[in-house]
Amino acid sequence: MAPGNKSFVTQFILMGLTDQPDLQLPLFFLFLGMYTVTVMGNLGLIILILLNSHLHTPMYFFLFNLSFIDLCYSSVFTPKMLINFTSKKNIISYMGCMAQLYFFCFFVNSECYVLTSMAYDRYVAICNPLLYNIVMSPKVCSSLMLGSYLMAFSGAMAHTGCMLRLTFCDANTINHYFCDILPLLQLSCTSSFINQLVVFFVAGINIIVPSIAIFVSYGLIFSNIFHISSMEGRSKALSTCSSHIIAVSLFFGSMSFMCLKPSSAGSMDERRISSVFYTNVVAMMNPLIYSFRNKDVKTALRKTVSGIQIRNSVFLCRYSKYRKILFSIIIILLVSSYVISFLSYSRNLRLNLFILIIQEHFSPYSSFA
């Protein structure tokens with residue numbers, strides 16, 4: 001290559017969560033289990049809200065959107081992370097990296113504003129219960145969600161657009177397990193001053209504005225609760241917003257911890273490990289928090305399960321002669337679907353997973369070879 005020429009990057013190498021080979025397989029199964037719980041929990045909550053008409057209220061409308069965001073948010077990088085655990089080289093294309101960065105920013109910002117809308121909903125429910133149905137009308141709820149997605153879209157476009165203007169030369173190893181803003185800025189061979197300004201202003205707005213709105217809402221809520229004379233009324237008011245307080249504390253607490261940490265090269269390893277909390281754990285915990293601490297969701301789940309059982313028992317009573325045949329067909333279909341999905345999985349992933357399993361079990365005896 002002639003002097004002065006630049007080799008522009010067409011793909012990046014993700015360093016991953018850890019570079020220790022012995023931890024790759026255990027981490028694969030750990031994050032696979034976490035992702036399964038995340039998908040089943042959020043998808044189950046979405047289906048439950050859709051099927052039960054008594055959950056068609058403003059509170060569960062926002063919870064429906066929160067579950068949808070968490071489901072998409074975790075799917076932005078977890079499948080790629082699982083593949084990287086079983087691959088020798090964790091490669092992602094340039095456009096794939098930019099797409100991952102965009103959707104990551106979009107869903108993070110969306111969650112910030114959805115949690116803010118939920119705080120406002122709780123404020124109206126506790127401080128103005130008689131006007132709740134008027135203030136939180138379907139039009140207002142839809143407008144709040146539309147505003148949340150528009151703010152998320154503008155923030156994600158700002159970050160991704162500024163990242164696309166940068167030039168990446170020889171360095172292409174991202175010190176992270178997904179395409180985050182700060183690790184990408186460290187690889188740029190052109191000035192990233194504008195990007196840093198965008199991060200300062202956009203991230204500041206998307207964190208400070210929702211945080212202030214949530215603090216003000218809960219300040220008014222707690223002020224109203226302290227004026228309630230009966231302990232039963234206080235506990236009932238607190239129980240209506242306890243799940244949201246936990247969800248807000250988890251999300252904004254982990255995000256604030258990441259933002260307040262220095263961006264030096266020495267702290268990037270710590271950021272990479274601690275970011276697991278807000279990228280994987282929060283999305284997994286939200287459906288569990290709103291399920292275990294919510295009587296309406298528990299009641300809806302029991303009704304839905306009992307309704308399915310009743311329909312199944314009626315069906316089996318009518319077609320009892322064909323029960324064994326039906327069970328046999330169902331088992332065959334399930335086994336076939338698992339076999340087909342396994343065979344359709346990438347050949348390299350299966351081979352790498354097999355090699356990792358062999359190494360995991362037989363590595364102690366490699367010295368006798």
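1. The link of Cys 97 and Cys 179 is left-handed, with -130° about the S-S bond. Cys 97 sits in helix 3 and Cys 179 in the loop between strand 3 (173-174) and helix 6, so two distant parts of the chain, 82 residues apart, are linked. The S to S distance of this disulfide is 2.0 Å; a disulfide here is a pair of cysteine sulfur atoms within 2.5 Å. Helices (H or I, at least four residues) and strands (E, at least two) are DSSP runs, numbered from the N terminus.

2. The model is predicted: local features need pLDDT of at least 70, side-chain atom pairs count only at pLDDT 80 or more, and totals for chains, interfaces and linings use all residues. Residues are numbered from 1 along each chain as its sequence is written, and side-chain values use heavy atoms, with hydrogens and water left out.

3. Cys 97 counts as buried because its relative accessibility is 0%, and Cys 179 is buried with a relative accessible area of 0%. Buried means under 20% relative accessible area, exposed over 50%, and partly exposed in between (1.4 Å probe, protein chains only).

4. How many disulfides does the structure hold? There are two. The other one joins Cys 169 and Cys 189, with sulfur atoms 2.0 Å apart. Its link is right-handed, with 60° about the S-S bond. Cys 169 lies in the loop between helix 5 and strand 3, and Cys 189 in the loop between helix 6 and helix 7, so the pair ties together parts 20 residues apart in sequence. Cys 169 is buried at 11% relative accessibility, whereas Cys 189 is partly exposed at 35%. With bonded cysteines counted along the chain, the pattern is 1-3, 2-4.

5. Helix 5 (residues 138-164) has 27 residues, and at 1.5 Å a residue it should span 39 Å; its end C-alpha atoms are 38 Å apart, which agrees. The expected span is 1.5 Å times one less than the number of residues.

6. Among the buried residues of helix 5 are Cys 141, Met 145, Ser 148, Ala 152 and His 159. The cover over the buried residues of helix 5 includes helix 2 (58-85), helix 3 (94-127), helix 6 (181-187) and helix 7 (193-226).

7. Asn 195 is in helix 7 and counts as buried, at 3% relative accessibility. Its side chain makes a polar contact of 3.0 Å with that of Arg 165. A polar contact is a pair of N or O atoms within 3.5 Å; within protein, one must be able to donate a hydrogen and the other to accept it, and residues adjacent in sequence count only if both atoms are side-chain atoms. Leaving aside residues up to four places away in sequence, Asn 195 touches Cys 162, Met 163, Arg 165, Leu 166 and Leu 185, where contact means heavy atoms within 4.5 Å.
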